[in-house]
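Okay, thanks everyone for coming. Let me put the structure up, and then I'll walk you through the parts I'd like to talk about.

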Amino acid sequence: MGVQQRPLAGTWPLGAQATGAGLQLEIAGLTLGYGRRTILREVSLAPLAGGHITALLGPNGAGKSTLLRGLAGLLPARGSVKLNGQEMIGRSLEARARHITYMPQSLPQGVALTVMEALVGALKASPPGAGGMAVSGRQAAEQALALLEQLGIAHLALVGLDRLSGGQRQMAGLAQALVRKPEVLLLDEPTSALDLRYQLQVMRLVQQLTREKGLVTVVVLHDLGLAARFADHIVVLGEGTLRAEGEPERTLTPGLLAEVYGVSGRVERCSLGHLQVMADAPLAG
Ligand SMILES: Nc1ncnc2c1ncn2[C@@H]1O[C@H](COP(=O)(O)OP(=O)(O)OP(=O)(O)O)[C@@H](O)[C@H]1O
Ligand SMILES: [Mg+2]
């Protein structure tokens, strides 16, 4: 059975025009940590281009979420993060939020809002400038509903966030990131709680929006098969540093599985030609 995907109009669900054409995010010498503890040291990446998905990979504790938080401006940072040549480090959270949205790995609990209320709130709180004019309450509701339809969760619009299943919460979190019409979209494990169908649907939608709007998209994934299939560029972190980056086919190798993840494994093409990554056994030590 093919996964149904609603066709996207040529505009954001919110009706604003694409803003991301020709975007570039440059990360150089980025050092991040918590208090005095440094987690990532001097990370420099090849420039991340608009219209491309970067999968951010690495073992538990490698610093993937820390990197996304740093890019979103939620942690003090040293080094440089430039969006189209403009330095983001040192700018206010609000100034960054005009350009960058971030979906955290775990969404806040105990929020007594419906999915729709949370989306309309996020939309009305978005600074004008990212998507253009401020929206009225009615427009916000229409745009929020259109986005929920695209995500296939319109039936959850009036359900309280605290009554959603884990996967439904993840979809609602994704909607909150997308509704802000970002130029840079940072998603921390957006598919970890999703069933097979929603995993594909979410990755296809993220890919489609990334291409159409020219977004710089960075997605943290543990599913290397999904990364191989949907990412244009792979970045692998391990032990506080960059371990590898490049095209999926060149980067996802048995050597990488052994060195970074500590498993023996295989990378093979399936009968449909997709790269499949199979972990066979943990390596001793
Ligand atoms: N709020 C925090 N305060 C102090 N240390 C933290 C905090 N959050 C994470 N760390 C530490 O930073 C390191 C990297 O954590 P991070 O959450 O970035 O890893 P990750 O790659 O996202 O892992 P996972 O795949 O498990 O989500 C870990 O050693 C962790 O203990
Ligand atoms: Mg994490």
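Predicted model: local features only at pLDDT ≥ 70, side-chain atom pairs only at ≥ 80, totals over all residues.

Who are its partners, then? On one pairing, S4 runs parallel to strand S9, residues 216–220, with 5 bridges between them. If you want to find that on screen, look for His52, whose bridge partner in S9 is Val216. S4 also pairs with strand S10, residues 233–238, again in the parallel sense, over 4 bridges. There, Ala55 stands opposite Ile234 of S10.

Now zoom out to the sheet. It's an open one with 6 strands, in the order S7-S8-S9-S4-S10-S11, and the pairing is mixed. S7 (100–103) and S11 (241–246) sit at the edges with a single partner strand each, so each has one side without a neighbour in the sheet. On average, neighbouring strands are turned by 15° against each other, ignoring direction.

The antiparallel part I'd point to is S10 with S11, which pair over 5 bridges.

Helix H1, residues 64–72, packs on it and touches S4, S7, S8, S9 and S10. The direction of H1 makes about 150° with that of S8. H5 packs on the sheet as well, touching S7 and S8, and its direction is at about 175° to that of S7.

H5 has a helix partner too. The axes of H5 (residues 166–178) and H6 (residues 196–213) come within 12 Å and cross at roughly 5°, which makes H5 roughly parallel to H6. On the H5 side, the contact uses Met171, Leu174 and Leu178; on the H6 side, Tyr198, Val202, Leu205 and Leu209. Sort those residues by type and you get 7 nonpolar, no polar and no charged.

Last, the whole protein. There are 9 helices and 13 strands, and 49% of the 285 residues are buried. Of the contacts between residues at least 6 apart in sequence, 66% join residues at least 24 apart. The protein exposes about 13,100 Å², with carbon and sulfur atoms supplying 51% of that.

Okay, that's my tour.

Key
Residues numbered from 1 in each chain as written. Chains lettered and ligands numbered in written order. Heavy atoms only, no water. Pairing = 2+ DSSP bridges. Helix = DSSP H or I, 4+ residues; strand = E, 2+ residues; numbered from the N terminus. Axes fitted to C-alpha atoms, helices over the stretch in contact; angles between N-to-C directions. Parallel < 35°, antiparallel > 145°, perpendicular 65-115°, else oblique. Contact = heavy atoms within 4.5 Å. Nonpolar A, V, L, I, M, F, W, Y, C, P; charged D, E, K, R; others polar. Buried < 20%, exposed > 50% of the residue type's maximum accessible area, 1.4 Å probe, protein only. Areas by Shrake-Rupley, 256 points an atom, 1.4 Å probe, with all protein chains shown as cover.
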